[in-house]
Amino acid sequence: NVKNVKGNIIIASNHLSEMDPLLIVSILPFFSRHIPLIYVSRQKYNNLDIGWKILLYGGIFFKMIGAYPSYTGLKDYRKALPHHLKIAKKGKNIAIFPYGGIIRDGKPKKAKGGVGFLSYKTNLPVIPLLIKGTKNFTLKNILSGRNNVAFTFDIPLYPKDIFRNHKKVILNDKQNDYALAAVVIMQRIEKLAWEFK
């Protein structure tokens with residue numbers, strides 16, 4: 001589902017652990033045309049557990065792995081994702097977590113419309129990715145073999161597959177077609193979770 005896609009892609013994934021971005025890159029072939037992946041990250045992470053996460057998560061580390069910030073609260077997708085829109089148009093690959101962060105309690109949040117916006121504006125395929133087994137991803141669990149981690153890529157979805165009407169997108173106070181498209185993508189990921197239980 002990934003290797004047969006020509007050109008650049010958007011990977012949309014569920015998010016269970018701080019290690020997910022590194023692991024997604026690690027499962028792609030070393031000389032894959034889909035590397036590097038440019039990640040969408042939030043500006044700040046203030047609610048992290050004490051420990052190694054604070055040292056690695058965010059700031060310089062994010063830049064090293066290719067994460068560019070999104071800007072929240074602007075009510076304008078173009079202003080919220082300027083780096084990613086520019087990068088995608090230059091032929092680079094993007095990875096995004098449509099729920100906007102890590103889901104720690106297992107209860108999905110409302111999908112955000114950034115992935116729908118990027119797909120629509122660039123006409124790039126979105127590949128839904130289901131990640132399983134990284135929720136309690138610790139060094140101890142890795143060395144003991146307790147973590148069974150699996151990645152499942154779904155078929156590519158194009159704007160015509162995720163928008164009600166991809167020729168006319170509505171964005172106003174009553175309707176946000178970008179967010180509705182993101183919901184369609186996340187539903188595909190949830191469906192994968194049932195299929196590969």
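These notebook entries record what I looked up in a predicted model.

**Conventions.** I worked with a prediction in which local features need pLDDT of at least 70 and side-chain atom pairs count only at pLDDT 80 or more, while totals for chains, interfaces and linings use all residues. Residues are numbered from 1 along each chain as its sequence is written, and side-chain values use heavy atoms, without hydrogens and water.

**The sheet.** I took helices (H or I, at least four residues) and strands (E, at least two) as DSSP runs, numbered from the N terminus. Strands count as paired if DSSP finds at least two bridges between them. I found an open sheet of 6 strands with mixed pairing, in the order β3-β2-β4-β1-β5-β6. Its edge strands, β3 (67-69) and β6 (150-153), each pair on one side only. I then looked at β2 (residues 37-41), which runs parallel to β3 and is joined to it by 3 bridges. In this pair, Ser41 stands opposite Pro69.

**Helix α5.** Which residues of α5 (residues 82-89) are buried? I noted His84, Leu85, Ile87 and Ala88; buried means under 20% relative accessible area and exposed over 50%, with partly exposed in between (1.4 Å probe, protein chains only). Seen down the axis of α5, the buried residues fall within an arc of 165 degrees, so they line one face of the helix. The arc is that of the directions from the helix axis to the C-beta atoms. Lys86 and Lys89 are exposed on the other side of α5. I saw that the buried residues pack against β2, β3, α4 (77-80), β4 and α6, where contact means heavy atoms within 4.5 Å. After α5 comes Gly91, with a positive phi near 90 degrees.
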